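Please look through the sequence and the model below before reading on.

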Amino acid sequence: MKQAIKDLLILQAEDLRIRDLKTRFMSIPRERAALVAEFDVVRKGLEKAKQNKLKVEQAIKQQAAATKAEQDKLQALKIKSSSIKKINEYNAILAEIEAAKKNISDSETREIELMDEQEAAEKLLVKAERSY
């Protein structure tokens, strides 16, 4: 009698184990779908971080080109100012020179801001790459 009870307990334990395995087997597709969805979110975050970094780099290049254009304009105005004889024209050129200097300063400030954004974008990209 005792052996029969022990055998039944062993059988019951195996039945419970089989039921648990079947339950786990049935949940695998849901777990897989959840993992795939999580992976897609992380992948999209990585792509967004890469695009943001590229966008900031392009903005920096455009701003650098704008700064260079303003510097060229300033240089041309300085050269032109040396050949002007009339005081009114000379004062007008000086005003243009001051405006060009201000534009250069503003442009350089914007470049620095963009470089800060680039640094932040690179940090986000590294973080996204680590989680990928």
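Does Met 1 count as buried or exposed? Met 1 counts as exposed, because its relative accessibility is 81%, where exposed means over 50% relative accessible area, buried under 20% and partly exposed in between (1.4 Å probe, protein chains only). This is a predicted model, in which local features need pLDDT of at least 70 and side-chain atom pairs count only at pLDDT 80 or more, while totals for chains, interfaces and linings use all residues. Residues are numbered from 1 along each chain as its sequence is written, and side-chain values use heavy atoms, with hydrogens and water left out.

Met 1 lies in the segment before H1, a helix being a DSSP run (H or I) of at least four residues, numbered from the N terminus. Gly 45 lies in helix H1 and is partly exposed, since its relative accessible area is 32%. Although Gly 45 and Tyr 132 are 87 residues apart in sequence, they are 9.0 Å apart in space, C-alpha to C-alpha.

Leaving aside its neighbours within four places in sequence, Leu 77 is in contact (heavy atoms within 4.5 Å) with Ile 93, Glu 96, Ile 97 and Ala 100.

Definitions and conventions
Helices (H or I, at least four residues) and strands (E, at least two) are DSSP runs, numbered from the N terminus.
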